[in-house]
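My entries below follow the order in which I looked things up.

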Amino acid sequence: LTASDAASPIIRPQGVDAPSAYRFPELPGDLLPVTDKTMPRLSLALYDALEALGAKGMTVALDPLGGVEAWQGAPQVLVLGAGSLAVFGPSELTYLCALALALGESGHQLRVPGDVEGLGEAAAAAFEAYPVSLAAGRVLAHLDARVRGGDPAAVRLNELLPESGAFEAVAKKALEILSG
């Protein structure tokens, strides 16, 4: 996890433990649908991941003004920030989807600066569903309140993760899985 450029491994996700979600903010008006006609490769990767994560039937909308975040915008809509496409590969996008589902209603907080309520618990739940530490580390570093909204190229995992409560929750979950 120390500044590696290696691709994160890709594994088949499991269902994510996601809370029931009913209250959502108003969706941005300029969302673009991610479909097999509009964005075929992205659509294939995301819908396959969502199905494996237990969210079959959820649709994905791309926020062209969004950053590296993903969040649940309605009971059956996952909003993906366009910035994530420039930063993350397929494995990170899968973990990001798991994290968005695990955050449920509070995921929209990733769009603004500051701490996100329940991020540590959601990060651990997402890791349990998709246990790829490199993907989790990269996503959580970019979503860290200290750098979120800034230049993604300036994010340094080895500087952010040791002080990240969300990554600490993932590390504890990894130890629990290994000892379990």
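**Entry 1: a strand residue**

In which strand does A61 lie? I found A61 in strand β2, which covers residues 59–63. One caution for my own reading: this is a predicted model.

Setting aside neighbours within four places in sequence, I listed the contacts of A61 as L31, L32, V34, V77, L78, V79 and L80.

**Entry 2: a loop residue**

From A61 I moved on to A82, whose C-alpha atom is 9.8 Å from that of A61, 21 residues away along the chain. A82 sits in the loop that joins β4 (77–81) to α2. With a relative accessible area of 22%, A82 is partly exposed. Not counting residues up to four places away in sequence, A82 touches L62, D63, P64, G66 and G67.

**Entry 3: the whole chain**

I stepped back to see the overall layout. I counted seven helices and four strands in the protein chain. Reading from the N terminus, their order is β-α-β-β-β-α-α-α-α-α-α. The radius of gyration is 15 Å, close to the 16 Å that the globule rule gives for 180 residues, so the chain is as compact as a globular protein of that length. Along the principal axes, the C-alpha atoms fill a box of roughly 40 × 35 × 30 Å.

I noted that buried residues make up 49% of the 180 residues. Of the contacts between residues at least 6 apart in sequence, 64% join residues at least 24 apart.

**Entry 4: helix α3**

Helix α3 runs over residues 90–103, which is 14 residues. From first C-alpha to last, α3 reaches 20 Å, close to the 20 Å expected at 1.5 Å a residue. I found 13 of its 14 residues buried, so α3 is largely enclosed by the rest of the structure. Just after α3, I noticed that G104 takes a positive phi of about 55 degrees.

**Entry 5: α3 against α5**

How do I describe two packed helices? I use the angle between their axes and the distance between the axes. For α3 and α5 (residues 133–143), the angle is about 65 degrees and the axes are 8 Å apart. The crossing of α3 past α5 is right-handed.

Which residues in α3 meet α5? I listed S91, E92, Y95, L96 and L99 on the α3 side, and A135, A136, R138, V139, L140 and L143 on the α5 side. The residues of this contact divide into eight nonpolar, one polar and two charged.

I then looked at how well α5 is covered. It is mostly covered, with ten of its eleven residues buried. Among the elements that cover the buried residues of α5 are α2 (83–87), α3, α4 (119–129), α6 (157–160) and α7 (165–179).

My last stop was H142, which lies in α5. Its relative accessibility is 11%, so H142 counts as buried. Leaving aside neighbours within four places in sequence, H142 is in contact with V68, V87, F88, V147, R148, P152 and V155.

How values were computed:
Residues numbered from 1 in each chain as written. Predicted model: local features only at pLDDT ≥ 70, side-chain atom pairs only at ≥ 80, totals over all residues. Heavy atoms only, no water. Helix = DSSP H or I, 4+ residues; strand = E, 2+ residues; numbered from the N terminus. Expected span 1.5 Å × (residues − 1). Buried < 20%, exposed > 50% of the residue type's maximum accessible area, 1.4 Å probe, protein only. Axes fitted to C-alpha atoms, helices over the stretch in contact; angles between N-to-C directions. Left-handed = near helix turned anticlockwise from the far one by under 90°. Contact = heavy atoms within 4.5 Å. Nonpolar A, V, L, I, M, F, W, Y, C, P; charged D, E, K, R; others polar. Rg over C-alpha atoms; globule rule 2.2 N^0.38 Å.
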